[in-house]
Amino acid sequence: MFVSNVQLAAKYDYLAPTLKRCYEWIAAHDIKSMADGRYEICDGAFALVQRYTTRPLEQCRFEAHYQYLDIQYLAAGVEGFGVCEASGLEVTEDRPEDDIKFFAGPDIYDLVVLQAGKLVVVPPEDAHQPGMAYQGKLSDVVKVVVKVKV
């Protein structure tokens, strides 16, 4: 699955060697059996394995990054994942030192349903809302977020 606007699709090479190494790393590892934490993949890319319970929609915030593109892969569970263009959104919290900014929720956004084995790729220009309980049902998830320097 790849969802983007035509300008971003032309800007990023989603099959660039670094991204391909990241996809291969995900495929080569049993994420569900890995300990939570950071794993180096290659120069300019690392993975963060995490476990959590999804949250109700009103507890989830839209976020975007300055320096990293995200590959978010769900190894177990089900998660709602909002995504939209970040331009024009109201910034509610800005932490450039942590490579993150948060936004007030947009009126219109796309909802991706991540299930075990699916991933979404989010460039810095897109805001995303991870961790949502899909259709209000909480789910225990195991996820890896791969951060790729752009």
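**A pocket and the strands around it**

Start with the largest pocket: 19 residues line it, and Gln50, Glu63, His65, Gln72 and Pro130 lie nearest its centre. Here a pocket is an open set of points on a 1 Å grid over the protein atoms alone, where a 1.4 Å probe fits, with protein on both sides within 12 Å along at least five of seven lines; lining residues have an atom within 4 Å of a point. This is a predicted model, where local features need pLDDT of at least 70 and side-chain atom pairs count only at pLDDT 80 or more, while totals for chains, interfaces and linings use all residues. Residues are numbered from 1 along each chain as its sequence is written, and side-chain values use heavy atoms, with hydrogens and water left out.

The volume of this pocket comes to about 340 Å³, taken as the space filled by probe spheres set on the points, with grid points joined across faces, edges and corners. What is the lining made of, by class? Seven residues are nonpolar, four polar and eight charged, with Asp, Glu, Lys and Arg counting as charged and Gly among the polar ones.

Now for the strands (DSSP runs of E, at least two residues). β2 (45-53), β4 (68-76), β10 (126-132) and β11 (140-149) each give the lining at least two residues, and β2 has the largest share, with four.

β2 also belongs to an open, antiparallel sheet of five strands, ordered β1-β2-β11-β4-β9. Its edges are β1 (37-42) and β9 (119-122), each pairing on one side only; pairing takes at least two DSSP bridges. β1 and β2 run antiparallel over five bridges, and Tyr39 has Ala47 in β2 as its bridge partner.
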